[in-house]
Amino acid sequence: MIAPVPELFDKRLVIVTGKGGVGKSTVALAMGLAAAQRGKRTIVCEVASQEQLSRRFHRAEVGYHEVELEENLWAISIDPDESMREYVLLQLKVRAMRDLLFRSRVFNYLTAATPGLRELVTIGKIWELTLDDRKAKRGQKYDLVIVDAPATGHGVGFLQTPRTFANVARVGPIANQAETLHRFITNHKRTGVAIVSLPEEMPVNETATLERELTSTVGVAVDRILCNGVYPERFAAEEEPVLAGALERAEGAARLAVRAALGERRRATAQREQLARLAAMTEAPVTTLPFIFAPELEREHLLRLGEEIL
Amino acid sequence: MASVADLLEGKKVCICAGSGGVGKTTTSAAIAAGMAARGLRVAVLTIDPAKRLADSLGLPELGNTERRVDPELFKEAGVETNGGELWAMMLDSKATFDEVVRKHAPDEETRDRILSNRIYQQLSAALAGSQEYMAMEKLFEIWAEDRYDLLVLDTPPSRNALDFLEAPKRLTQFIEGKALQVFMAPTGLAARVAGRGASVMFSVLKRITGVDLLSDLAEFFQAFSGMVGGFRERARRVNELLGDDQTTFLVVCGPQGEPIEEAVYFHRKLVEARLPFGGVIVNKVRYAGEAAGDPEPGELERLLGDAGLAARVEESFRDFRVMAERDARNIEHLAAQMRTRAVIQVPYLDSDVHDLDGLMEINRYLFATGAEEREELAASA
């Protein structure tokens, strides 16, 4: 029997976002694995060339083609130039016109120079991946599309692009397209957002700000906050003074061991405070993900994280 | 082994670069505070400091100008500054962009056309590398005023540290680039948008973009064309400053595989661009000591008087060492790839840094001299 799939995974698109260094890519991949294990045809998209997916699965390349990583799990790296090309191909049915455009220096300079256009066509490609009836050649239908969104350097830039373009362009094909994309990412039934955070002061503040901007400024549904790297609570509060006392007397390896334990206890305590702040400062439910004590994250670790997210 | 003080000897500009989430902002603030405590007049230009840290240093959220950190705070933290001063500024990249436009616009009309252009208003923040470029622009402006012994720049939280290096190039390419020429040529797009002449090319473009967008773009590029000269000259001088002997780049990273690889890559790009690399700072390192074996059997239980607790301490130590060994391996790899001995490690502290005391705690590691002191510090951490 197949376990019931919770809400976040019932959407067609899940955008995984957050500041740099919080483990977005890991979380996106863990989610993808979990969904695939439950029989959903899932694709994980990375934006621009991060080459993360390729590395993790030891594959030569996850490029602009949809690559099968394992059963039910696919990956693609969305390249804005390729997306632009695909967009034009879909817009212009007459071959001579396309050729004219692609050969034109004006077109190439214009697409490279126009601010935000690359982001717009990237979101366009994500949208295309979620369609039942794919527009791309040999495109197959996915049950779930998971996007490892670009790090939010400042605010919500990436997800705000469609609305900005709709406003700037007002009328015409790009305006229409941008409007469609904006409606698509703000359709709460089909599109969800998960913010990845860490139990530290800065990431907690940033997550709260990001959630506010995403819901009120952009209008997307933030379904979940995933707090990554949470230490275990191995030691009780009353054990801290015992450890501190032992540190005074210990030497050599024993001293280092007690020191490490004390450090872990203090970190874990500080993390619990930040988790409480996170819960108080945000609206969406918070799921904690354990810190994985391993040199590099392997598939088994990702599976474990995936189970926690479900 | 180097100390930050050695790396900054004779330098007037220190640029802290690295990928997001590695503690660049805290490191920049700590370096600036540490150099101020050594008697220098230091300004740190930061992008997005933790609110608590900013509050504790008495810095308001916006402003785009430097503020002096109250010397009383140093006294309270028990730090003698020997006449040094710490100034800090939070960069507002949009405001800086506006300032640049005001400065370079050849006349009021051009200035107003740009500032009121909808593409500029809505999208200038998204302009390739604009935030990175504005950070450098501000750095250059303050440097040119020559009011400080040392400027420390905390680079924007880009996805990729490289964005920062490429920003001036990308922005000037954009400003003076072919797109502009295309629009500016007498038979260029701008003319066609304005209705003079019509080409198949334009009608095709119109089909996929829409005429409003196209005319706004034409207006945008046209307005910017008046500033090409000023921009080019400015960017050239900014680049000169970045490559100057008195400038140094410190690469900041974390001990995990990806940040380490990013740092190695960034270092390579610095070298290729002939920019002065100073050293690398690895934050949040778990350090297990040189020859840490297992504690003697029963030793922990004797110490702690509790078998259950001892077992958990052992378990925790095993986990810690797994991470410490990884960190050590990664740092060794980093040093080998960069061919440098200037690798400064800051341990993973028990709590987040949010005041001057915290910065000074970090500085014990950043400014430690000699391998011995470092070893001692790490062991006693």
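Angles of 65 to 115 degrees between axes count as roughly perpendicular, a cut-off that comes in handy for the first view of this predicted model.

**View 1. Helices α7 and α8 of chain A, where they cross.** Here we're looking at α7(A), residues 117–129, and α8(A), residues 157–169. Their axes come within 9 Å and cross at roughly 100°. That angle sits in the 65 to 115 range, so α7(A) and α8(A) are roughly perpendicular to each other.

**View 2. The residues that make the α7–α8 contact in chain A.** On the α7(A) side, look for A:E119, A:L120 and A:I123. Facing them from α8(A) are A:F158, A:T161, A:P162 and A:F165. Sorted by class, the contact has 5 nonpolar residues, plus 1 polar and 1 charged.

**View 3. Chain A, the setting for that helix pair.** Chain A has 13 helices and 8 strands. Its C-alpha trace spans about 85 × 40 × 40 Å along the principal axes. Of its 310 residues, 49% are buried. Take the contacts in chain A between residues at least 6 apart in sequence: 71% of them join residues at least 24 apart.

**View 4. Chain B, the other chain to look at.** Chain B comes with 19 helices and 8 strands. Its 381 residues include 51% that count as buried. For contacts between chain B residues at least 6 apart in sequence, the share joining residues at least 24 apart is 77%.

Definitions and conventions. Residues are numbered from 1 along each chain as its sequence is written. Chains are lettered from A and ligands numbered from 1 in the order in which they are written. This is a predicted model: local features need pLDDT of at least 70, side-chain atom pairs count only at pLDDT 80 or more; totals for chains, interfaces and linings use all residues. Axes are lines fitted to C-alpha atoms, for helices over the stretch in contact, and angles run from 0 to 180 degrees between N-to-C directions. Helices (H or I, at least four residues) and strands (E, at least two) are DSSP runs, numbered from the N terminus. Angles under 35 degrees count as roughly parallel, over 145 as roughly antiparallel, 65 to 115 as roughly perpendicular and the rest as oblique. Two residues are in contact if their C-beta atoms, placed from the backbone, lie within 7 Å. Ala, Val, Leu, Ile, Met, Phe, Trp, Tyr, Cys and Pro count as nonpolar, Asp, Glu, Lys and Arg as charged, and the others, Gly among them, as polar. A residue is buried if 20 or more other C-beta atoms lie within 10 Å of its own, exposed if 12 or fewer, and partly exposed in between; C-beta atoms are placed from the backbone.
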